[in-house]
Amino acid sequence: MSKQKEFEEQAVTTWGDSPTGTTFMSELHADTRSQFLSVIKKRNFYEMGWIREMLANESLANKKVLEIGTGPGYDAKTLIELGADYFGVDLTPQNIERATENLQSIGFNNFNIQTGNAVDLPFSNDNFDFCFSNGVLHHVYEFDRTLREVFRVLKPGGRAFITLYNKDSIFYKLMIASYSYKYRYKKEKTLDEILSLIEYNGVGGMPLVRVFDAKEISRALEKVGFLVDPIVCRKATAVDFPMSFPDYLIFDERPRLLRSPLNLLDRILEKSLLKLPQVFFNFLGRYWGWYLACRVTKPLYLRDNDS
């Protein structure tokens, strides 16, 4: 089995079990509509409110828009509300069902969602005015191939908005330090295995997780032929800090005499972080956020080596 296929299977296993937004779900909302809207409200406040702001500047009304990686349909809702003629693809069959059910639960029916692979999009050349992919393409082994596919299906002059994990973020630096202390230095896990732990799931899925810095991703996009807007970073929350997310704590690794006082310090720091207003973390996110927001344009006229 190729590496690409291997990681595709891991992705389907992971997000088939634990779709995006799982951490915001509540048993208090039994029906699909209430749960969907509740998750979107929390997700927008803590993590993704900046997505809608950036998309609103793209003038999507009556534009043919493709989303690569629909998940449960959270961003599809935004794109449809902004007037897009919406098409979506996702590798995970469960997400096709979830997104369709969620969107229909709020009265949306004019959309097209189907199973599809980012490395081989099921659409003809020069088809879409706008492509969007939020937190998806960094899970694809053949990453450069996905960028070429986005370029191929966009019309000349078309735009794309892609978000990717940021190597220079607070979350990445602290997470790697925490997990490396627990696993890597004991040679229990490789760095790639540690990165897979970022994507929580209950079935042992180990998806590929890649991280980029702004210069690196800018070069990759330009190599494909895109004109690249300045890349910005966004998204920071209290749980980006290991001491505020118990799964990252390493109590069992600490010296016995120091364990109790350090645990107490962690609990104090956790409560302090969780009391800080989200506006503070939004400020941090503009400099050390977990996502790189990449906005690009396919030129109207291609150079000879781009054709």
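Trainee: What makes strand E1 (residues 64-68) and E4 a pair?

Mentor: Two strands pair if DSSP finds at least two bridges between them. E1 and E4 have three bridges, so they pair, and the sense is parallel. One of the bridges sets Val65 against Phe130 in E4.

The model is predicted, with residues numbered from 1 along each chain as its sequence is written. Local features need pLDDT of at least 70, side-chain atom pairs count only at pLDDT 80 or more, totals for chains, interfaces and linings use all residues, and side-chain values use heavy atoms, with hydrogens and water left out.

Trainee: Which strand is joined to E4 by six bridges?

Mentor: Strand E5 (residues 154-165) is joined to E4 in this way, and the two run parallel. Phe128 has Leu154 of E5 opposite.

Trainee: Why is strand E4 (residues 128-134) called largely enclosed?

Mentor: Buried means under 20% relative accessible area, with a 1.4 Å probe and protein chains only. Six of the seven residues of E4 are buried, so the rest of the structure largely encloses this strand. Across the chain of 307 residues, buried ones make up 51%.

Trainee: Why is helix H3 (residues 74-81) described in those words too?

Mentor: Seven of the eight residues of H3 are buried, so H3 is largely enclosed by the rest of the structure. Among the buried ones are Tyr74, Asp75, Lys77 and Leu79.

Trainee: Which elements do the buried residues of H3 pack against?

Mentor: They pack against helix H2 (32-56), E1, strand E2 (85-90), helix H4 (93-105) and E4. After H3 comes Gly83, with a positive phi near 95°.

Trainee: Why are H5 and H8 called oblique to each other?

Mentor: Angles under 35 degrees count as roughly parallel, over 145 as roughly antiparallel, 65 to 115 as roughly perpendicular and the rest as oblique. The axes of helix H5 (residues 143-153) and helix H8 (residues 214-224) cross at roughly 50° and come within 9 Å. H5 and H8 are therefore oblique to each other, and their crossing is right-handed.

Trainee: Which residues of H5 and H8 meet?

Mentor: Contact means heavy atoms within 4.5 Å. On the H5 side are Phe143, Asp144, Leu147, Arg148 and Phe151, and they meet Ile217, Ala220, Leu221 and Val224 in H8. By class, this contact of H5 with H8 has seven nonpolar, two charged and no polar residues.

Trainee: How many helices and strands does the chain have?

Mentor: The secondary structure of the chain comes to ten helices and eight strands.

Key
Axes fitted to C-alpha atoms, helices over the stretch in contact; angles between N-to-C directions. Helix = DSSP H or I, 4+ residues; strand = E, 2+ residues; numbered from the N terminus. Left-handed = near helix turned anticlockwise from the far one by under 90°. Nonpolar A, V, L, I, M, F, W, Y, C, P; charged D, E, K, R; others polar. Buried < 20%, exposed > 50% of the residue type's maximum accessible area, 1.4 Å probe, protein only.
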